[in-house]
Amino acid sequence: MKSNFSMRPSINVVVPEPFITLDEFCRRTGYKLSYVRKMISDGRLPIRKKDGSNSLVEVNMFALTMEAAQGCEISMQA
């Protein structure tokens, strides 16, 4: 009898806060603010598009999570 299911695991990712401030990102990661600003200028840290030059800079946690998920590779051996 043939079963009709996939061997690929189903993974759900929940991002409770899609955007957080730089201060909150620094608090959670332990990075210094100067290092985080350098990551942003290098393009290593995704941020929300700003409306003006003085608007609040927020880290795009959804994009960061998706980038991390795409970098993972799940291999299953039979």
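What does Tyr35 count as, judged by its relative accessibility?

Analyst: Tyr35 counts as partly exposed, at 37% relative accessibility. The cut-offs are these: buried means under 20% relative accessible area, exposed means over 50%, and partly exposed lies in between, with a 1.4 Å probe and protein chains only.

First, a word on what you are looking at. This is a predicted model: local features need pLDDT of at least 70, side-chain atom pairs count only at pLDDT 80 or more, and totals for chains, interfaces and linings use all residues. Residues are numbered from 1 along each chain as its sequence is written, and side-chain values use heavy atoms, with hydrogens and water left out.

Here, pLDDT is the predictor's confidence in each residue, from 0 to 100. The chain averages 83, and 83% of its residues score at least 70. Helix H1 has the highest mean confidence, at 96, while helix H3 (residues 61-71) has the lowest, at 86. Where pLDDT is low, the predicted coordinates should not be read in detail.

Now the layout. The chain has three helices and two strands. Their order along the sequence is β-α-α-β-α. Both kinds of element are DSSP runs, numbered from the N terminus: helices are H or I with at least four residues, and strands are E with at least two. Of the 78 residues in the chain, 19% are buried.

Back to the rings. The whole structure holds two aromatic pairs. One joins Phe25 and Tyr31, with centres 6.4 Å apart and 50° between the planes, and counts as tilted. The other joins Tyr31 and Tyr35: the centres are 5.1 Å apart and the planes stand at 70°, so this pair is edge-to-face. The rule covers Phe, Tyr and the six-membered ring of Trp: centres must lie within 6.5 Å, planes under 30 degrees apart are stacked, over 60 are edge-to-face, and the rest are tilted. Together, the ring pairs link Phe25, Tyr31 and Tyr35 into a cluster.

Tyr31 is partly exposed, at 38%.

Phe25 leads us inwards. In H1, the buried residues are Leu22, Glu24, Phe25 and Cys26. The buried residues of H1 pack against S1, H2, S2 and H3. After H1 comes Gly30, with a positive phi near 85°.

Phe25 also belongs to the largest nonpolar core, which has eleven residues, including Leu22, Cys26, Val36, Leu45 and Val59. H1 and H2 are the elements that give this core two or more residues. A nonpolar core is a set of buried Ala, Val, Leu, Ile, Met, Phe, Trp, Tyr and Cys residues joined through side-chain atoms within 4.5 Å. In soluble globular proteins, nonpolar side chains tend to be buried together.

Setting aside residues up to four places away in sequence, Leu45 touches Phe25, Val36, Met39, Ile40, Val59 and Leu64. A contact means heavy atoms within 4.5 Å.

Charged side chains come next. The count is six salt bridges. Each one needs a side-chain nitrogen of Lys or Arg within 4 Å of a carboxyl oxygen of Asp or Glu. Arg28 pairs with Glu17, and their closest N and O atoms are 2.3 Å apart. Arg28 lies in helix H1 (residues 22-29) and Glu17 in the segment before strand S1 (19-21), so the pair ties together parts that are eleven residues apart in sequence. Arg28 is partly exposed, at 41%, and Glu17 is partly exposed too, at 36%.

Arg27 is exposed, at 60%.

Further along, Glu58 meets Arg48 at 2.9 Å, N to O. Glu58 lies in strand S2 (residues 58-60) and Arg48 in the loop between helix H2 (33-42) and S2, so this pair ties together parts that are ten residues apart in sequence. Glu58 is buried, at 15%, whereas Arg48 is partly exposed, at 37%. Shared partners join Glu17, Glu24, Arg27 and Arg28 into one salt-bridge network.
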